Amino acid sequence: QVQLVESGGGLVQPGGSLRLSCAASGSIFSINTMGWFRQAPGKQRDLVASITGGGATNYADSVKGRFAISRDNAKNTVYLQMNSLKPEDTAVYFCNAKLSTYYRLTVQDYWGQGTQVTVSS
């Protein structure tokens, strides 16, 4: 089994910062891309940022210049540093990993349980 455990969400004032972490564990053979998605009430789940195993990054236009994604391959962990937060960043943030396991070498999507980020004064 594979688990993705997120941490770091919470309540922050506009202009503030938060750092999300997501650690993958279990019978992992290899992790390809890791990323963060978010879903606001009544809206679809959208990509926020992603990072490949080689470190190539991709960001949604709405967060470019404010958010930074990074990963520690030795720890199977991905981070999202969020700066200059805005009320419109309020959402549940989900960690995603495209990985293969020792039991199934085909790459599949795995998701964390989600962590709430609320930006409000």
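Close-up 1. At 15% relative accessibility, Arg38 counts as buried (buried means under 20% relative accessible area, exposed over 50%, partly exposed in between, with a 1.4 Å probe and protein chains only). This is a predicted model, where local features need pLDDT of at least 70, side-chain atom pairs count only at pLDDT 80 or more, and totals for chains, interfaces and linings use all residues. Residues are numbered from 1 along each chain as its sequence is written, and side-chain values use heavy atoms, leaving out hydrogens and water. Arg38 and Asp89 join their side chains in a salt bridge, 2.9 Å from N to O (a side-chain nitrogen of Lys or Arg within 4 Å of a carboxyl oxygen of Asp or Glu). Arg38 sits in strand E4 and Asp89 in the loop between strands E8 and E9, so the pair ties together parts 51 residues apart in sequence (strands are DSSP runs of at least two residues, numbered from the N terminus).

**Close-up 2. Asp89 with Arg66.** Asp89 is buried too, at a relative accessible area of 1%. Its side chain also meets that of Arg66 in a salt bridge, 2.8 Å from N to O. Arg66 comes from the loop between strands E6 and E7, 23 residues away from Asp89, and is buried at 11%.

**Close-up 3. Lys98 and Asp109.** Here the closest N and O atoms of the salt bridge are 2.7 Å apart. Asp109 belongs to strand E10 and Lys98 to strand E9, eleven residues apart. Both are partly exposed: Asp109 at 43% and Lys98 at 31%.

Close-up 4. Salt bridges with shared partners join Arg38, Arg66 and Asp89 into one network.

Definitions and conventions
Helices (H or I, at least four residues) and strands (E, at least two) are DSSP runs, numbered from the N terminus.
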